[in-house]
Structures are given as structure tokens and as C-alpha cells.
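This briefing is for a reader new to the structure below. Please look through the sequence and the model before going on to the notes that follow.

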Amino acid sequence: MTDMSYAPTRTQSPTTKLVLRFILYILLGVFALFYLMPLFVMITTSLKSLDEIRTGDLVSLPREVTFDAWRTAWSGACTGIQCEGVRPYFLNSLLIAIPAVLISTIIGALNGYVVAQWKFKGANIFFALLLFGCFIPFQVVLLPMAIVLGKLGISGTIPGLIFVHVIYGLGFTTLFFRNYYVSIPSELTKAAKVDGAGFFRIFWSIFLPLSLPIIVVSVIWQFTQIWNDFLFGVSFSQAGTQPVTVALNNIVNSTTGVKEYNVDMAAAIIAALPTLLVYVVAGKYFIRGLTAGSVKG
Amino acid sequence: MSPILEVKNLYKNYGATEVLKDINVSIEKGDFLVLVGPSGCGKSTLLNCIAGLEPISGGDLFIGGQNMTNVSPKDRDIAMVFQSYALYPTMTVAKNITFGMKVRGIDQATQDAKLKHVSTQLQIEPLLHRKPGQLSGGQRQRVAMGRALVRDPKLFLFDEPLSNLDAKLRVEMRTEIKALHQRLGASMVYVTHDQIEAMTLATKIVVMKGGVIQQIGTPAEIYNRPANLFVADFMGSPAMNLIPAKTKANGKGMQIEIARKDADPIVLTDTRNTDLPENVIIGVRPEDIVDAALARTDDTQQADCLIDIVEPAGADTFAVMQLGGKHVTARLHAETTAAAGTAQRLAFDLGKVSYFEPETGLRLN
């Protein structure tokens with residue numbers, strides 16, 4: 001331990017304390033501003049007219065607030081030859097993400113339940129292989145996946161993209177649920193078996209009601225992954241089934257003549273909104289679910 | 001009538017490891033069977049096999065005369081209470097108790113009636129709408145019992161149900177379980193590592209070690225006539241004194257000589273047991289070594305012994321000494337004059353003495 005007689009005693013006057021506090025908050029404020037700067041630029045730019053962007057300062061506030069860029073981004077911007085804005089693609093993304101998130105979460109929950117509570121021969125190898133699936137880079141599966149989708153007759157369709165995302169997400173969702181269910185005492189399953197409940201009854205009545213925190217984790221994780229996915233979206237879609245990330249890329253890259261920064265910014269914000277919303281609504285459960293330990297009976 | 005539970009030549013292996021070897025045990029209706037042994041002896045595995053939660057590797061299992069070897073747990077007409085209580089955390093107490101009936105599709109009126117009956121019996125009515133997380137250990141224990149009682153099964157199974165409770169509550173619940181058994185006349189199988197629980201609750205005890213049954217008997221049989229050194233040492237607290245001794249026939253019976261360090265050997269004469277080998281291990285319960293001055297029976301033999309340690313325990317005082325190279329405990333009166341480092345005249349009662357073969361550990365008399 002520290003030798004107290006040797007260490008100089010540091011008594012701080014109230015003023016010193018106040019000053020230090022002040023410096024601390026200044027620093028925190030500077031960092032917060034630094035991280036918020038891109039968002040600030042995006043929002044202000046999206047609210048400016050093209051003229052103002054050309055003549056004005058990047059970080060200045062709009063002199064005249066206009067929502068024209070947002071309107072254009074939503075329903076008028078051109079992605080290649082079509083000029084319908086991001087709206088149809090936004091809808092595609094919803095049609096892909098919602099079913100894919102639900103299906104991968106449900107199957108992941110069942111997988112995790114089996115691996116954690118119904119140990120079968122080779123359960124550990126099965127789980128290890130699933131985990132391995134989490135670490136396979138996207139690029140590696142592109143070609144085989146294209147062939148599989150073709151054989152199934154769903155290439156270029158929304159169900160095809162749902163299928164891809166469910167397959168790719170299973171490793172993660174299984175991992176989440178398995179780790180959560182492993183902390184639930186196996187005596188609970190035994191008691192339910194003696195009570196006469198079967199495989200699905202035990203899952204439905206006992207495990208699922210305990211699972212809210214981990215369901216939230218799984219949903220946030222999967223939604224973010226699927227919504228933000230670009231590679232699968234660009235590889236396995238065709239005109240009419242592209243997700244919003246692909247549309248955003250097309251809008252930004254296919255401008256003719258003047259670059260409409262305000263429209264690009266508005267489109268980018270629109271594309272990012274859903275994930276932002278999911279975090280705001282369910283964020284605290286996310287942290288809670290990731291750190292949730294054992295369940296006390 | 002056929003026995004309520006009959007286990008015949010049961011084996012259980014995990015891969016190449018034999019966990020249970022040739023288990024044979026049966027109980028009649030109303031019996032309270034306790035499986036006792038140190039941890040890892042296979043007692044919980046045996047209970048899980050009886051419940052059907054672990055498949056058995058060989059042998060047969062009958063409950064109520066029916067072969068249940070390959071029947072799933074829900075059809076065995078059993079109820080089980082677990083060590084961790086295993087209450088369903090998201091359900092209220094009432095739902096916990098009625099879950100089994102709900103799964104079996106029993107109508108609501110019957111469920112309500114049974115719930116009321118059981119909750120009155122266990123005095124848990126005020127808790128019915130709480131969740132397990134809001135209950136104390138003792139209350140959870142009661143709810144777990146309620147969940148078993150409501151089934152009204154042929155056989156109750158208990159897996160160390162008291163080991164998570166504090167000492168005082170454990171004694172209370174032990175008495176309560178015993179009262180419940182007497183009131184219901186139910187058949188029970190109970191696993192514990194606590195030999196006092198085994199002695200107080202059981203009508204029949206199975207002592208196990210390393211997956212093998214060491215002895216089956218009533219608590220009195222197990223206590224008074226342990227079948228081998230393991231049982232002798234395991235059952236009873238403080239444990240039975242097991243002292244190496246030499247025997248020799250003399251006119252009146254067997255002369256038993258116990259060596260002592262720095263003193264003449266103690267020589268006792270046993271007139272009941274006459275056919276003993278030369279080297280034996282003599283087993284004497286602490287309560288059979290008492291103050292000579294306070295001995296109640298005349299059938300004792302006395303010797304002066306140097307006391308090493310005196311441990312007052314309230315009702316009794318335990319004195320520890322060295323005999324035959326072993327620590328030997330005597331159970332003396334609370335008001336004994338014995339003091340550490342001094343000699344005390346002690347009386348040995350050979351009425352309930354046990355002799356064991358030193359090599360095999362088996363009982364000789």
C-alpha cells in the first residue's frame with residue numbers, strides 16, 4: 001500500500017475542483033461535437049438548397065430551410081433510369097428485413113434451446129460448426145449461394161434475399177440463444193418433463209417467456225445486419241427487388257450534371273433511420289441482454 | 001401386493017464409465033427410502049434413472065408392478081422435488097403448481113380444487129400470486145413440495161431438497177417432510193448426502209459408494225450393525241471409532257488388546273463374540289465409551305485413558321484420545337470431570353460392538 005507519511009496530501013480548494021470539473025465538461029463536449037459533426041453536416045446539407053450549398057459554408061446553418069431535397073430523395077431521385085426516389089427500395093428493405101429477422105430469431109431460439117438443454121450426441125460439434133459459420137466471410141459464399149438460389153428458383157427475388165439472410169444469421173442467433181439458455185438450470189427442463197410437458201411445450205411455456213432480453217439482442221443485431229447489408233443486396237437482387245442500401249449507392253453514383261448533395265444526404269439519412277430507431281427504442285434492452293447472467297429460479 | 005418400486009440389476013454407464021453397478025432395491029407402499037452416500041456415489045443418478053430422466057444401460061425398473069424401464073417420465077406416475085426447486089421463474093406460484101395438470105388437460109374446476117387443497121395443506125395460500133423470485137428459500141421449498149403433492153403420484157422423488165436451506169430451516173423442513181410422509185402414507189425415495197437426514201427420515205436406507213450399494217437396512221440396522229468399514233465410518237456423527245486390535249481366545253471369551261502409545265495396552269474381554277481372527281478392526285460408537293463414574297450398565301469394562309482434547313457440545317462433551325494409533329472419540333456426560341492432558345477412567349460397552357476384517361473391511365460378527 002501507499003506510504004501515507006511520504007505522499008504529499010492533496011487538498012483541493014472548492015475553486016480548483018470547480019475548474020477541473022469545468023475542463024472535464026468542456027472536453028466531453030468537444031468530443032461529443034466531434035462525433036456529431038458528420039450527422040450535423042448531413043442534416044444541415046439536406047435542408048439547404050443546391051444554390052446555398054454551392055455558395056455557402058459546409059458547416060453553416062441553412063439560411064433558408066427547405067424540405068425539397070427530402071421530397072426528391074423519397075420519391076423523385078433517379079437510380080439509374082428510374083426516378084422514383086428511395087421509397088420502393090425502402091419498402092423492399094422492410095419486406096426483406098422483417099421476415100428475415102423474425103425467422104432467423106425463431107430458428108435461432110429453437111437451435112439454442114436444443115443445443116443448450118437437449119444435449120444430443122454430437123451437439124457440441126453441431127454448435128461448433130454453426131459458430132464457424134459466423135466467421136465465414138460474405139464473399140466466400142457469394143457464388144455457391146447464387147447457385148443454390150438458382151436451383152431453388154428464387155434468385156433475384158425478395159424471398160431469395162430473405163433466405164440468404166436467414167441462413168447467414170443463424171450462426172449468430174443460435175450463439176445468442178444457446179449462451180442464454182445454457183445459464184438456465186437443466187433441472188427446470190427435468191421438472192417440466194416430470195410434469196408431463198414435451199419438447200415444444202417446455203420451449204413455449206418456460207423458455208420463451210424468459211427470453212425477452214435475448215430476443216431483443218437478436219432482433220437488434222439481425223435487423224442492423226440485414227438492413228445495412230449491401231453485398232448480398234447488390235449480388236442477389238435485380239431491378240425491382242433491390243434493398244435501400246443498393247438504391248442509395250445508385251442515387252449517389254448516377255447523378256447527371258450537378259451533384260445534388262442535399263438529396264444524397266437526405267437519402268442517406270432516410271436509409272439509416274430504421275436502425276437508429278431500433279437502437280433508440282430497444283437499446284437499453286440490448287445492453288441488458290448482452291450482460292444478462294443466470295436466471296434465478 | 002407387488003412392491004411400489006422395484007429396481008432389478010440396474011446398470012448405468014456413461015460411455016465406458018460404470019456409474020451404477022448391479023443395483024437391486026425394492027420398497028413397499030408407504031416406505032420412505034433414503035439413498036445416502038458421499039458426492040459422486042451415484043445416488044442422484046439412480047434417482048434420475050427411477051424418474052426416467054436418465055436412460056438406464058441394463059436391468060429393469062418396476063413402479064407399482066408395471067415395467068417402467070422404457071416409459072417416459074410423464075407416464076411413470078411420479079412427482080419430483082429438485083435440489084434447486086426448479087420452479088418456473090415466469091409463472092406465479094399457483095401456475096407453477098397447476099402447470100402439470102394444465103399440460104395433462106385436467107379441467108379448471110379440478111385444478112382449482114386441488115390447488116386449494118394443497119396450498120392449505122402447506123400454508124402457502126398468501127403466496128399464490130407471487131413469482132418464485134419474490135419468495136424466500138423456505139417458501140420456494142414449500143411451493144416445490146406443493147407442485148409434487150398436487151400430482152398425488154404413486155411415488156415421490158426428492159433430490160437433496162434441503163441442501164440449499166440454512167441449518168435451522170433445514171431441521172424444520174425435515175420435520176415437516178417426516179410429518180407429511182406420516183400423514184399421507186405416501187411412498188418416497190429421497191436422496192441426501194447428509195447421514196442425519198437419512199437416519200431421521202428413512203424407514204429404509206440404502207448406503208452407496210462408487211455406484212455400488214454398500215448396505216440396505218432400517219436406520220437402526222445400518223447404525224448398529226454396519227456391513228463394512230465404509231458404512232460404519234459414514235453413518236453417525238461423530239463417526240464410529242474404528243480401532244485396530246488383536247484378539248486371543250481366553251477362558252471367558254475373546255480377549256481384545258488395543259495398543260497404546262506410552263502406556264500399557266487396553267485389554268477388554270468380549271463374551272458374546274468368540275470366533276474372531278487374530279487381527280481385527282473394532283468398531284465402537286462414541287456413546288459406548290462413557291465416564292466410568294456415570295456408566296449406567298454394569299456390562300462395561302473400564303480403563304484409564306489419557307484425554308487429548310475435550311470438546312463441550314452442550315448436551316454432551318466429547319473427549320478425544322489416542323488408541324491403537326487412531327483418534328478415538330468418547331461421548332461423555334456434560335458434567336464430566338475430564339480435562340485435556342489428564343487421565344480419565346472410561347467405561348467401554350461392548351454390547352453393540354462391531355468387528356471388521358482389516359483387509360476386506362467386511363463385518364465379522
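How many residues does the contact take from chain A, and how many from chain B? The contact takes 17 residues from chain A and 21 residues from chain B. The model is a predicted one. Chain A and chain B are each divided into a domain 1 and a domain 2. The notes start with the contact of the chains, then take chain A and chain B in turn.

**Contact of chain A with chain B**

- With 17 residues of chain A and 21 residues of chain B in the contact, the side of chain A that touches chain B draws at least two residues each from α8 (186-194) and α9 (199-207) of chain A.
- Of these elements, α8(A) provides the largest share of that side of chain A, six residues.
- Sorted by class, the side of chain A that touches chain B has nine nonpolar, two polar and six charged residues.

**Chain A: annotated spans**

- An unreviewed UniProt entry annotates residues 22-43, 94-114, 126-149, 161-181, 202-223 and 265-287 of chain A as "transmembrane region".
- One of these spans, residues 94-114 of chain A, is 100% helix and 0% strand in the model, and its end C-alpha atoms lie 30 Å apart.
- Another, residues 202-223 of chain A, is 82% helix and 0% strand, with 27 Å between the end C-alpha atoms.

**Chain A: domains**

- Domain 1 of chain A takes in residues 14-66, and domain 2 of chain A takes in residues 87-291.
- The C-alpha centres of domain 1 and domain 2 of chain A are 35 Å apart.
- Where the domains of chain A meet, seven residues of domain 1 are in contact with eight residues of domain 2.
- On the domain 1 side of this contact in chain A, two or more residues come from each of α1 (14-46) and α2 (50-55) of chain A.
- The most, four residues, is given by α1(A) to the side of domain 1 of chain A that touches domain 2 of chain A.
- That side of domain 1 of chain A comprises four nonpolar, two polar and one charged residues.

**Chain A: a helix pair**

- Helix α4 (residues 87-117) and helix α7 (residues 158-182) of chain A pack with their axes 6 Å apart, at an angle of about 35°.
- The crossing in which α4(A) passes α7(A) is right-handed.
- In the contact of α4(A) with α7(A) there are 20 nonpolar, 11 polar and one charged residues.

**Chain B: domains**

- Domain 1 of chain B spans residues 5-234, and domain 2 of chain B spans residues 241-356.
- UniProt, in an unreviewed entry, gives residues 5-235 of chain B the feature "domain: ABC transporter".
- In the model, residues 5-235 of chain B are 37% helix and 26% strand, and the end C-alpha atoms of the span are 25 Å apart.
- Taken over C-alpha atoms, the centres of domain 1 and domain 2 of chain B are separated by 39 Å.
- Seven residues of domain 1 of chain B make contact with six residues of domain 2 of chain B.
- Helix α8 (residues 229-234) of chain B supplies three residues, the largest share of the side of domain 1 of chain B that touches domain 2 of chain B.
- This side of domain 1 of chain B is made up of three nonpolar, two polar and two charged residues.

**Chain B: a helix pair**

- The axes of helix α2 (residues 93-103) and helix α3 (residues 108-122) of chain B come within 10 Å and cross at roughly 135°.
- At that angle, α2(B) and α3(B) are therefore oblique to each other.
- A right-handed crossing takes α2(B) past α3(B).
- On the α2(B) side, B:Ala94, B:Ile97, B:Thr98, B:Met101 and B:Lys102 meet B:Gln111, B:Lys114, B:Leu115 and B:Val118 of α3(B).
- The residues in the contact of α2(B) with α3(B) are five nonpolar, two polar and two charged.

**Chain B: backbone details**

- Most residues other than glycine have a negative phi, and most peptide bonds are trans.
- B:Asn9 is not a glycine, yet its phi is positive, about 50°.
- B:Asn9 sits in strand β1 (residues 5-14) of chain B.
- The peptide bond that joins B:Ser237 and B:Pro238 is cis, with omega about -5°.
- B:Pro238 is found in the loop between α8 and β11 (241-249) of chain B.

Conventions
Residues numbered from 1 in each chain as written. Chains lettered and ligands numbered in written order. Predicted model: local features only at pLDDT ≥ 70, side-chain atom pairs only at ≥ 80, totals over all residues. UniProt positions renumbered as here; feature names shortened; annotations may be inferred. Axes fitted to C-alpha atoms, helices over the stretch in contact; angles between N-to-C directions. Parallel < 35°, antiparallel > 145°, perpendicular 65-115°, else oblique. Left-handed = near helix turned anticlockwise from the far one by under 90°. Contact = placed C-beta atoms within 7 Å. Nonpolar A, V, L, I, M, F, W, Y, C, P; charged D, E, K, R; others polar. Domains from an automatic or database assignment.
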